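Here are some exercises to work through with the model open beside you. Try each task before you read its solution.

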Amino acid sequence: MRRTILRRMLLACLLVVAASALTFTLVAGAPGNVAALMAERAAGPGADAEMIKKIGEDLGLYDPLPVRYGRWLFSAITGDLGVSLRTGKPIAQEFAARIPMTAALLAGGGILAFFLSLALGVAGAVSNGGALDRFLHAFSLVGASTPNFFVAALLVIVFSVMLGWLPTFGVSGFTSWLLPWVTIALFPASVLSRVVRVNLQEAMSRPFATTGFAKGYTRTQVLMREALPNIAIPFLTTFGAQFTLMIIGSIVVETVFALRGVGAFFIDAIRFRDFVGMQSVLLLFVVFFVVVNLMVDVICMFVDPRMRRARGA
């Protein structure tokens, strides 16, 4: 099993390198001249061609793309992500101030999505075609079809403007996190609740469920004691995929609720054509995607002994 985990870690590192190379190429090929942009900000509209060329040479912008990528990747591995063209501060310093905000948003939203999806899926399975099951089905479809910015606007109008219960933006205490958490958790919770419901329905038709009924268990007991543990692998796998997508939703949520996280920094980098900041944020997103999926894969191996035997064979 240790060999399998090491192999998965090696593949994850190769995936990070490949994905970072792709994102670096896309950003480097975007329209615009970084040297000209920096010269204009330093000297105004009067920046001449000689100054632009000098900045480009200092930044190594005229080197071949593979050389530029290798230099950038080596610097990133050593912790040097460059300096933001917008703020003039080191990217590492920007991340140190902003990652805790994004981490709190993702952690709260992930926990809410995890337990809410289980509750909705199990409740639907217990109802089994009843009114509650049909209502939760409709609720999940609406939640999975509604974009984050619309959910955020609706929650602000209802709970902040009309009722005045919760703050509209910023971080001023626990209550200020409630609307961002609900906004970012609604989509993954809706998708996961259907995964739980469908897999529980399929599990209830298996022999172990029939055996549970023969022992005198009620439907709820069979669901909780027999069926629910057997859907752990598809649930965890889908949760990992949805959790990684939440970092994309954080870009919208942080912007709407004025949270100074990595997502808001990414929007500002795009708006001000901060190519260094864009590359660094995309690298962070890639690492997040790969690490989360690696962790989910390892957890599934510990949860299901069949996967350990299959991968160890």
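**Exercise 1.** Find which helices the buried residues of α12 pack against.

*Solution.* Start with the partners: the buried residues of α12 pack against α5 (91–127), α11 (232–256) and α13, where contact means heavy atoms within 4.5 Å. This is a predicted model, in which local features need pLDDT of at least 70 and side-chain atom pairs count only at pLDDT 80 or more, while totals for chains, interfaces and linings use all residues. Residues are numbered from 1 along each chain as its sequence is written, and side-chain values use heavy atoms, leaving out hydrogens and water. Helices are DSSP runs (H or I, at least four residues), numbered from the N terminus.

Next, look at α12 itself (residues 262–271): 7 of its 10 residues are buried, that is, under 20% relative accessible area (1.4 Å probe, protein chains only). Among them are F265, F266 and D268. Finally, step just past α12 to R273, which has a positive phi of about 55°.

**Exercise 2.** Work out how α1 and α13 are oriented to each other.

*Solution.* First, take the axes, lines fitted to C-alpha atoms over the stretch in contact, with angles from 0 to 180 degrees between N-to-C directions. Those of α1 (residues 2–28) and α13 (residues 275–303) come within 9 Å and cross at roughly 160°. The two helices are therefore roughly antiparallel, a label for angles over 145 degrees.

**Exercise 3.** Is V27 buried or exposed?

*Solution.* Locate V27 in helix α1. Its relative accessible area is 6%, so V27 is buried. Then list its neighbours: leaving aside residues up to four places away in sequence, V27 touches F275, Q279 and L282.

Note on methods
Angles under 35 degrees count as roughly parallel, over 145 as roughly antiparallel, 65 to 115 as roughly perpendicular and the rest as oblique. Buried means under 20% relative accessible area, exposed over 50%, partly exposed in between (1.4 Å probe, protein chains only).
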